[in-house]
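Hi,

Here is the structure I promised to pass on. Have a look at it first, and then read my notes below.

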Amino acid sequence: MRSEENLQSRDMRLVDLHAHTDCSDGTLSPAELIHLAKQKGLSAIAVTDHDTTRGLTAAMAEGARIGIEVIPGIEFSTSLEEKEIHMIGLFLRPECPKLQESLEEMRRDRLERNRKSVRKLQEAGFLISEVDLGRFGGEAILTRGHIGKLLVERGYAPDVKTAIRTYLTRGGAGYVKRKTPPPAEAIKRIHEAGGLVFVAHPHQISRKDPEESLRICRDIIKAGADGLETRYCEYDDWWRERTEAIAEEFGCLRSGGSDFHGSLKQGLELGSGYGDLAVPYWFLEKMRGAL
């Protein structure tokens, strides 16, 4: 066990710092997510919806009511070197005007991407329409996960993950490239909002080239990110070791979480991921010391 963990080895409290509600592509409301975190015995949870802070007020109010710590967060979409890169912001002030300006611009672009994606799928013969997307709610940030869910319902894929990888990524029938800012803008906006910034799930940056993923992750930390996710639901031993090595190399902060989406990701549980995830409370204590 590493020295950092030795110092905190007696603290058995666990947290989940990456979870979604139905304000983006989760299936639980903010209040339902907070209740589930309480049921799971978590000491804290971060609400990190895609490119929106809309659910934070309700989540934090429910957390205060039932007695569980709620960290205001976001999962900010960016791109670099033709790679999609997600950044987690934690402890941010959601009312920050510049943050909200960026999110509104991204919301408009996402809506246009979704329309184009659905049209491409229709042209390819898929039985899907923009009307179908409307049933997910007019205020929710609609993502590829919503389109993937429709494809599963229509019988085109066995699950949402397969639908996205088959039809909605580069080369797929419904793929449309989004206009997203570089990581540097996410870092700037989240810092302006008083938050800390983490590179989310680095293994997803370049699935075919892990070393490229690690290089880009290092570059983003050098550019000002405060840390990275060293605990994540999909990591194997190799990725746990490599992300921990980067944290040691830069002396940066660690974060982690299940990336919980409710029923959208079958078999993935809040807090424990696919069964072996454990994010220690001392990650939060280190973050507070850096604020």
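This is a predicted model: local features need pLDDT of at least 70, side-chain atom pairs count only at pLDDT 80 or more; totals for chains, interfaces and linings use all residues.

**Where two helices meet**

Two packed helices are described by the angle between their axes and the distance between the axes. Here, the axes of helix 6 (residues 144–153) and helix 7 (residues 160–167) come within 8 Å and cross at roughly 105°. An angle from 65 to 115 degrees counts as roughly perpendicular, so that is how helix 6 and helix 7 sit relative to each other.

**The chain as a whole**

Zooming out, you'll find 11 helices and eight strands in the chain. The C-alpha trace spans about 60 × 45 × 40 Å along its principal axes. What radius of gyration would a compact globule with 291 residues have? It would be near 19 Å, and the chain has 18 Å, which agrees.

Buried residues account for 54% of the 291 in the chain. As for contacts, if you take those between residues at least 6 apart in sequence, 72% join residues at least 24 apart. The accessible surface comes to about 12,800 Å², and carbon and sulfur atoms make up 49% of that.

Start with L268, in the loop between strand 7 (253–257) and strand 8 (279–280). Is L268 buried or exposed? Its relative accessible area is 3%, and buried means under 20%, so L268 is buried. Leaving out residues up to four places away in sequence, L268 touches C233, S258, D259, F260, G273 and Y274.

Next is D51, which is not a glycine but has a positive phi of about 55°. You'll find D51 in the loop between strand 2 (44–47) and helix 3 (56–66). D51 is buried, with a relative accessible area of 3%.

E81 also isn't a glycine, and its phi is positive, near 55°. The loop holding E81 runs between strand 3 (69–80) and strand 4 (83–90). With 40% relative accessibility, E81 counts as partly exposed.

Cheers

How values were computed
Residues are numbered from 1 along each chain as its sequence is written. Side-chain values use heavy atoms; hydrogens and water are left out. Axes are lines fitted to C-alpha atoms, for helices over the stretch in contact, and angles run from 0 to 180 degrees between N-to-C directions. Helices (H or I, at least four residues) and strands (E, at least two) are DSSP runs, numbered from the N terminus. Angles under 35 degrees count as roughly parallel, over 145 as roughly antiparallel, 65 to 115 as roughly perpendicular and the rest as oblique. The radius of gyration is taken over C-alpha atoms; the globule rule is 2.2 Å times the number of residues to the power 0.38. Buried means under 20% relative accessible area, exposed over 50%, partly exposed in between (1.4 Å probe, protein chains only). Contact means heavy atoms within 4.5 Å. Accessible areas come from the Shrake-Rupley method with a 1.4 Å probe; for residues, only the protein chains shown count as cover.
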